[in-house]
Amino acid sequence: MRASRMNLVTLREDPSEAEIASHRLLLRGGFLHKSGAGLYLYAPLLKRVIDKASRIVADEISRTGGLEVTMPIMQEQALWEKSGRWTTYQASRTMLTVRDRGGQVFGLAPTAEEVVTDYAATVVKSYKQLPVTFFQQHTKFRDEIRPRFGLMRVKEFIMMDAYSFHDADTSLDQTYDAMRVAYLRTFKRLGLEAFAVEADSGAIGGNGSHEFMVAAAVGEDAILFCSGCDYAANVERATRRAVAVTWEGAATATSVETPKVGTIEDVTKFLTAAGHTWVTAGRCLKCVLYVAKITGGEVTVAAFVSGDRQVNEVKLTNAINRQVHDRGPVLELRPMHPEEVVAATGAKPGFAGPTTGLKANYLIVDQSVPRNLPMVVGANRTDHHIVGYRLDRDAAGLTLLSDDLVTVETGDGCPRCTATLAQKRGIEVGHIFKLGTKYSAAMKAEFTGQDQKLHPFIMGCYGIGTSRVVAAAVEQHNDQDGIRWPMAIAPYHCVIVPVGKPGDTAVEGAAQSIYDALLAAGIEAVLDDRDQKPGVKFKDWDLIGIPLRIVCGRGVAEGLVELKPRDGAAENIPLASAAEVVIGRVRAALSASQAAADAVR
Ligand code: ATP
Ligand code: MG
């Protein structure tokens, strides 16, 4: 490609709306054009990168035996009603919908379990056809509340989504593991350092799931890692080792006036100053009140955790779903507004506690809160706490459910070994789920088994955010000058920059000959024939991130050109073998990422 024909438009200044490296550099390099909030046009350079990433992803999923299809983006409401997800997706407002002229409503694919399950039910009739995996690489839509960070969180993006169908759990386990390997291979080939962590199954449902994360300070996910074993889990899912605690405190429960001290910190300070020296934040019981929307109404929930811990709302949602199963799944969970707290407790916010004065449908206590030790709890009376309150003795009239509610933090014990956990941030690039029969049972998608009876398919589903992966690659590969694309997804492999006086035929001829030789060998090369100063050209290519640069300048007279890898030092190499050297470097880089993929187990 000749640079003069590429419509290159780069920006010297950082765009003010871009908070993270990938967003900033993709905009500055002319890869992205913002078309609307959370909507981007992929410019020619980005299109090449996305296509390469897509091909690698599709290649690896095909390698597991996956069959590629294309499903419609518009999905009928009726289909989503069959699985029961229309209501949940409408409630969480994640699905964008359109209406046709006849008034029929469609959801714009946020994912495609319903469509593929309906397809499988039609084309897969017998256990002899199982297992089978269908996948696609297609546009997905999600009505994100806060689209941000460029390609990371958008309303419209490209996802590889795969769905597997099985006649037995063991078969699902095999495909799930094959997918895990395929994902790790994919990320190696893309030049990404990614790892699998245990994850929450969320709105997709199911009973086992892993996310694939790229470590990055700008990541929106918090992950807990064990220093002693390979345990790693998303904070929405992470658990911790139980620790036995005991302490001495007030022997009886007494209501104490605690004027204007509603926060745990203030209560602790106030009470210790007043002589209750055994009181610490961890010995106070924090009560957070929520309203959970469920089908046909709302329920109120009081969540109790130690005063030094935070309620994890994903865990709380799962706990409500588990404990209050006859009411259907939680569609939306939100903390009570102050006036609702007043109505539920009869007190100002800050004084809620597990006494009969509390009006909530369900009271759930974190499983680590000791029931037989004295604590400080809110008295459901403004400016009052109860000191020395024991749940087993003093809350006897209440139904207290028990579950895991707290956010695991750095320093907590690993649930698998004796070491401790630490938190890091990550970007979720992929997700795999064991769905079981959630969709097939609801949609009556069945096959005839060996026993000649009908059975619902056992299913798995798998997603990779192809466009987000590209942004993650930029996060992992950049420096102060710009992007440093891994060879496998670079828009071009090599750029040739002639730097001579106009009409310097030796220099131009050298550049042209290398360019021709590279193209002939299938190397994706750019010849920078633009009428620009060399410094401007170098800055552009550093920003755009082409892995190899050949500069043809004064050295040509002595038969030398300069080779400058984007991530290494410049060296002079013979003009005569320059193309050969570049071809070798490109092939070596591609085989290295392939070898890294082949080493995955
Ligand atoms: P997140 O937690 O980041 O919102 P998710 O868990 O909702 O993502 P999945 O349903 O697991 O996403 O979708 C599979 C993959 O699609 C994700 O791992 C991610 O790479 C990508 N993805 C999801 N939402 C977006 C988005 N709004 N923009 C770009 N990529 C996305
Ligand atoms: Mg996910």
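**Close-ups of a predicted model**

Everything shown here comes from a predicted model.

**Figure 1. Who sits around ligand 1?**

Figure 2. Start with R153: one of its polar side-chain atoms lies 2.7 Å from an oxygen atom of the ligand. Now find R142, where an N or O atom of the side chain is 2.8 Å from an oxygen atom of ligand 1. G465 takes part through its backbone instead, with an N or O atom 3.3 Å from a ligand oxygen. How much of the ligand's 580 Å² does the protein bury? Taken alone, ligand 1 exposes that 580 Å², and the protein buries 85% of it.

Figure 3. Ligand 2 is a magnesium ion, and E428 (OE) and H431 (ND1) coordinate it at 2.2 to 2.3 Å. Is H431 buried or exposed? H431 counts as buried because its relative accessibility is 11%, under the 20% cut-off.

**Figure 4. T407, tucked into a loop.** Look for T407 in the loop between β20 (400-403) and β21. T407 has a relative accessible area of 16%, so it is buried. Leaving aside residues up to four places away in sequence, T407 touches V235, R309, Q310, V311, N312 and D412.

Figure 5. Most peptide bonds are trans. The one from L130 to P131 is cis, with omega near 0°. P131 itself lies in the loop between α5 (113-123) and β7 (132-141).

**Figure 6. Two asparagines with positive phi.** Most residues other than glycine have a negative phi. N7 has a phi near 50°, and N380 has one of about 55°. You'll find N7 in the segment before α1 (21-28), while N380 belongs to the loop between β18 (375-378) and β19 (384-389). Which of these counts as exposed, and which as buried? N7 is exposed because its relative accessibility is 69%, over the 50% cut-off. N380, at 9%, counts as buried.

Technical notes: Residues numbered from 1 in each chain as written. Chains lettered and ligands numbered in written order. Predicted model: local features only at pLDDT ≥ 70, side-chain atom pairs only at ≥ 80, totals over all residues. Heavy atoms only, no water. Polar contact = N/O pair within 3.5 Å; in protein donor to acceptor, adjacent residues only side chain to side chain. Areas by Shrake-Rupley, 256 points an atom, 1.4 Å probe, with all protein chains shown as cover. Donors = N, O, S within 2.8 Å, 3.2 Å for Na, K, Ca; no water. Buried < 20%, exposed > 50% of the residue type's maximum accessible area, 1.4 Å probe, protein only. Helix = DSSP H or I, 4+ residues; strand = E, 2+ residues; numbered from the N terminus. Contact = heavy atoms within 4.5 Å.
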